[in-house]
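Dear colleague,

Please look through it first; my findings follow below.

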Amino acid sequence: MTSNAEKTANLFLHGGDRGIAFRDTNANRISTVVSPHWAMRHNYEGQTSSAANSANGAYLGRSMTYATNMESPYVSITLQGYISSGTYYWSWALWNGTQSHFVPLAVHDQPNYSKSAKTRNITTIQGTQTMNCVVPYMGHVHQYSSQHWATFDCRNESNGDALYIYGAADNGNGGTWYDNASQTIYIKEVLMGYGFVTGTQYNHVLHGT
């Protein structure tokens, strides 16, 4: 039976950055609880696209520069998107072009939210653990659909890092990325900002702000 002292140690591992990191004893890994808040930095209304021509992902035309002096080390993004007709589905992620690695999602392995086509090893006080980095699509595959808000954990990124939205053809659940240049991924209505957000975008009305 777990003692009260052990339970307390599992919970209060470390905090700061508007979040509390704790040891999830069911998953045997470090997880984070953050306070809900969001500060918009970019409101990209227009459409961009890229051929799904790399198993490592293709830049979808939207980006931001990470700043450590903002209110939160978490970056939340939502968008509308689809992939043109063809063999594969699609998914997306956040690529750190300055350091050449993907940014991990705040939640490691949540169905329909956080998948493993691309991962990142992060050092925690429990040791090194693998974090999922890919957000699977939701809604219609071949026509525009609103996507989940996705929150990325940028506590291991550096001030001034260039963060790019990448997308790729995939197997339908974000588990494997493929090179398939015959299909094109389209996105629009992209919101990027600092903080933690959950839910699904639906025709946001921030145009002109």
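Which residue's side chain meets that of Glu157 in a salt bridge? The partner is Arg120, with 2.9 Å from N to O; a salt bridge here is a side-chain nitrogen of Lys or Arg within 4 Å of a carboxyl oxygen of Asp or Glu. This pair links distant parts of the chain, 37 residues apart: Glu157 lies in the loop between β13 (150-153) and β14 (162-170), and Arg120 lies in strand β10. Both residues are buried (buried means under 20% relative accessible area, exposed over 50%, partly exposed in between, with a 1.4 Å probe and protein chains only).

Please note that this is a predicted model, in which local features need pLDDT of at least 70 and side-chain atom pairs count only at pLDDT 80 or more, while totals for chains, interfaces and linings use all residues. Residues are numbered from 1 along each chain as its sequence is written, and side-chain values use heavy atoms, with hydrogens and water left out.

The structure holds two salt bridges. Besides the pair above, Asp153 forms one with Arg155, where the closest N and O atoms are 2.7 Å apart. Asp153 is buried, at 8% relative accessible area, whereas Arg155 is partly exposed, at 33%.

Turning to the strands (DSSP runs of E, at least two residues, numbered from the N terminus), β10 (residues 115-124) pairs with β11 in the antiparallel sense over seven bridges; pairing requires at least two DSSP bridges between two strands. A hairpin of two residues joins β10 to β11, and Lys115 has Val134 in β11 as its bridge partner. Strand β8 (residues 89-96) also runs antiparallel to β11, joined by three bridges. In β11 (residues 127-136), seven of the ten residues are buried.

Terms used. Helix = DSSP H or I, 4+ residues; strand = E, 2+ residues; numbered from the N terminus.
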